[in-house]
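Take a moment to look over the sequence and the model before reading on.

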Amino acid sequence: MKRNFPVAGVLVAMAVLSGCGQADRANTHLGSMDDTSKSMLEELKKTQKTFDAAAKQVEAIATALTAIKDMGLDVMNLMKTAFAKKPPGGTDDIGAVLGESLQPAIQTEEANEI
Amino acid sequence: MKFSMMIGLISGFAASNAMATHISEKQCVGSDPKAVHGVFTKYDQYSKMPGSEYSMSLAGVDVPLMRWVKSQAKMVSESASASEAYVWTVLQPVNLTESRLYPRFLLDCKVEWQGQGGFRQTCSMMKDKQHFALDDLRIAVEVSRATRGCKSSETGISIEIDLSANSSEVAQIKNAVLAPAGMLAPLIEPLFNEEAFFKNYFNFVYGEWMKQL
């Protein structure tokens with residue numbers, strides 16, 4: 001069965017997003033920044049601005065997704081399905097990358113997990 | 001317009017814009033340089049250390065962005081004052097199982113101690129070896145007891161990272177990541193770009209490492 005997609009919702013969402021398309025993105029994790037000097041704090045302020053911009057963008061996307069959800073689409077289920085954690089595929093080991101037959105001196109690989 | 005076409009257009013636009021990124025981070029930590037060295041040179045443990053998994057919460061769903069899935073090291077040389085190791089790194093973007101699209105690179109990491117007071121670590125991507133998604137990556141870490149702005153009991157850590165993403169390869173990752181999202185793809189597309197995959201990721205990784213110190 002073909003599903004009707006709420007085009008208006010997407011247009012609204014895209015309009016919301018267009019306002020923050022140029023925003024800087026950054027992670028939301030800042031380490032402990034106590035006891036830094038004034039010069040270091042100045043640098044941190046700049047970093048904080050980047051993080052703030054990223055947070056605003058995520059917020060805008062979340063708002064847009066909520067708008068679509070309100071129009072009847074199961075956004076959360078779609079997101080969960082699309083981004084369910086999956087184990088990594090196999091990749092070359094360091095020996096192959098270095099072009100050597102010897103095993104690396106140290107070697108670990110994270111076990112597959114879900 | 002079909003969504004796949006929209007994604008294609010978006011990706012095409014991204015492909016025409018190569019992006020060089022610089023990350024600069026400075027912190028004062030309570031641990032001594034030796035402890036910092038212990039964390040920053042655990043090459044074979046990078047994929048298991050705090051910060052290896054970077055995700056964001058969106059509309060109540062935890063969206064994984066990048067995960068460090070493989071870190072293998074081969075020591076080239078090691079002495080009391082210096083060391084060199086090759087570090088093979090593989091990252092899994094979002095939830096891709098198609099490993100040919102994984103960002104991967106071999107780093108040549110060198111450490112030089114400057115007396116007991118600190119050390120310098122430099123890691124450079126070996127461009128003549130297998131790599132994907134990044135064309136270049138250089139990491140310089142300065143660790144010193146006598147750092148301006150830190151207390152005498154603290155250790156200053158300065159991290160400078162320069163990376164250059166390969167936009168066409170990042171566009172391939174993006175297409176694969178967005179494909180399962182179907183009709184939501186155009187909406188969430190801004191979340192997946194070079195900056196999210198690399199700048200924010202490395203910022204997060206080093207931030208988490210320093211929280212241990």
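Two residues are in contact if their C-beta atoms, placed from the backbone, lie within 7 Å. By that rule B:L65 touches B:Y54, B:S55, B:M56, B:V94, B:A196, B:F197 and B:Y201, leaving aside residues up to four places away in sequence.

This is a predicted model, in which local features need pLDDT of at least 70, side-chain atom pairs count only at pLDDT 80 or more, and totals for chains, interfaces and linings use all residues. Residues are numbered from 1 along each chain as its sequence is written, while chains are lettered from A and ligands numbered from 1 in the order in which they are written.

The pLDDT is the predictor's confidence in each residue, from 0 to 100. Chain A has an average pLDDT of 60, and 37% of its residues score at least 70. Helices (H or I, at least four residues) and strands (E, at least two) are DSSP runs, numbered from the N terminus. Within chain A, confidence is lowest in helix α1 (residues 7-18), with a mean of 44, and highest in helix α4 (residues 94-98), at 94. Residues 1-37 of chain A have a pLDDT below 50, and this stretch has 73 contacts in the model beyond near neighbours in sequence. Residues 102-114 of chain A also have a pLDDT below 50, with 27 such contacts. Where pLDDT is low, the predicted coordinates should not be read in detail.

Next come the strands of chain B. Two strands pair if DSSP finds at least two bridges between them. β4(B) and β5(B) run antiparallel and are joined by nine bridges; B:S83 stands opposite B:V111 in β5(B). β5(B) and β6(B) also run antiparallel, with seven bridges, and here B:C109 stands opposite B:C123 in β6(B). Four residues lie between the strands in the hairpin of β5(B) and β6(B), where B:G115 takes a positive phi near 70°.

A residue is buried if 20 or more other C-beta atoms lie within 10 Å of its own, exposed if 12 or fewer, and partly exposed in between, with C-beta atoms placed from the backbone. B:V94 is buried because 25 other C-beta atoms lie within 10 Å. B:A133 has 23 C-beta neighbours inside 10 Å, so it counts as buried.

B:W88 lies in strand β4 of chain B. It counts as buried because it has 28 C-beta neighbours inside 10 Å. Residues of both chains touch B:W88: A:I94, A:V97, B:K70, B:Q72 and B:L106, not counting residues up to four places away in sequence.

A nonpolar core is a set of buried Ala, Val, Leu, Ile, Met, Phe, Trp, Tyr and Cys residues joined through C-beta atoms within 7 Å. The largest one has 82 residues, and those with the most contacts inside it are A:M79, B:L65, B:V87, B:L184 and B:Y201. Helix α5 (residues 194-211) of chain B gives the largest share of this core, ten residues.
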